[in-house]
Amino acid sequence: MSVSGNKRTSHACEFETIDYKKVKPDDNMHSSNLSPSLFPFNQLSTDLKLTIFEKLNGKDIISACEVCKEWKQVIDKNQEILFRKAIEQDFGYSEEQILVKPQLSYKENYLYNCVRTKEDRLQRLDHYIKELELKYVDLQDLCTKAEDVKHQLSSFIIDPSEEDAIIHVSAIEQDVLCEVECVRKNLDKARSLEIGLSKEVDKLKASSSWTLVQARLR
């Protein structure tokens with residue numbers, strides 16, 4: 001397959017249909033000793049590998065760099081092609097803004113922006129969680145006060161016709177309890193999202209590429 005500019009000729013490739021559910025992973029499995037019946041990715045030409053990598057999103061390409069030296073070399077040599085589109089799509093930068101940090105490569109710029117945007121989102125999420133926690137405490141205090149008011153009213157009310165006041169307070173209490181439950185659910189979702197984002201940031205920072213990013217930005 002030949003490459004000319006951004007144009008690429010295509011091959012019609014046929015691969016054996018495999019039921020991958022029946023393939024049992026082996027800790028010692030390596031690309032060099034895989035059965036020929038499995039998808040022979042490492043035996044493909046560089047152009048075909050690049051075509052496949054172009055189908056991945058930016059985060060998956062970053063992950064692919066960590067698989068083996070050969071994949072990393074293919075991606076590093078073609079990172080402008082692979083990461084330019086990913087930077088535009090994921091971060092909304094124009095052609096002139098793609099290299100946010102000129103001292104970084106395209107791949108490193110993508111990784112830098114991934115970490116930065118996720119950390120910014122984590123900060124906003126942390127602020128949102130703190131607001132929900134304060135609201136949750138305030139609502140619980142309101143429920144306690146409503147319960148106290150009902151108790152006080154029941155101590156003073158003698159005429160059954162005056163029981164409407166207790167009914168009214170009970171209705172308010174139920175509304176507050178519903179709000180408490182809603183805030184609790186939002187808190188659970190926000191905390192779960194925060195944990196997931198933290199793991200994503202940690203995974204990105206654990207990559208060898210992030211070590212280079214930090215070194216270049218010093």
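A nonpolar core is a set of buried Ala, Val, Leu, Ile, Met, Phe, Trp, Tyr and Cys residues joined through side-chain atoms within 4.5 Å, where buried means under 20% relative accessible area, exposed over 50%, and partly exposed in between (1.4 Å probe, protein chains only). Keep that in mind for the tour.

Before you click, note that this is a predicted model, in which local features need pLDDT of at least 70, side-chain atom pairs count only at pLDDT 80 or more, and totals for chains, interfaces and linings use all residues. Residues are numbered from 1 along each chain as its sequence is written, and side-chain values use heavy atoms, leaving out hydrogens and water.

**Stop 1: the whole chain.** Show it as a cartoon. You will find 7 helices and 2 strands, in the order β-β-α-α-α-α-α-α-α along the sequence. Helices (H or I, at least four residues) and strands (E, at least two) are DSSP runs, numbered from the N terminus. Of the 218 residues, 29% count as buried.

**Stop 2: the largest core.** Select F53, I75, L82, F83, Y110 and L111. Within this core of 27 residues, they touch the most other members. Now colour by helix: α1, α2 (58–65), α3, α4 (79–91), α5 (106–156) and α7 (208–217) each supply at least two of the core's residues. The biggest share, 6 residues, comes from α5.

**Stop 3: L111.** Which residues does L111 touch, not counting those up to four places away in sequence? They are I62, L204, S207, S209, W210 and V213; contact here means heavy atoms within 4.5 Å.

Stop 4: Apart from the core of Stop 2 lies another, of 13 residues, including L122, V176, V180 and L187.

**Stop 5: V137.** V137 counts as partly exposed because its relative accessibility is 43%.

**Stop 6: α1 against α3.** Select residues 46–53 and 69–77. The axes of these two helices come within 10 Å and cross at roughly 80°. Axes are lines fitted to C-alpha atoms, for helices over the stretch in contact, with angles running from 0 to 180 degrees between N-to-C directions. Show the side chains of T46, K49 and F53 on α1, and of E70, W71, V74 and I75 on α3, to see the residues that make the contact.
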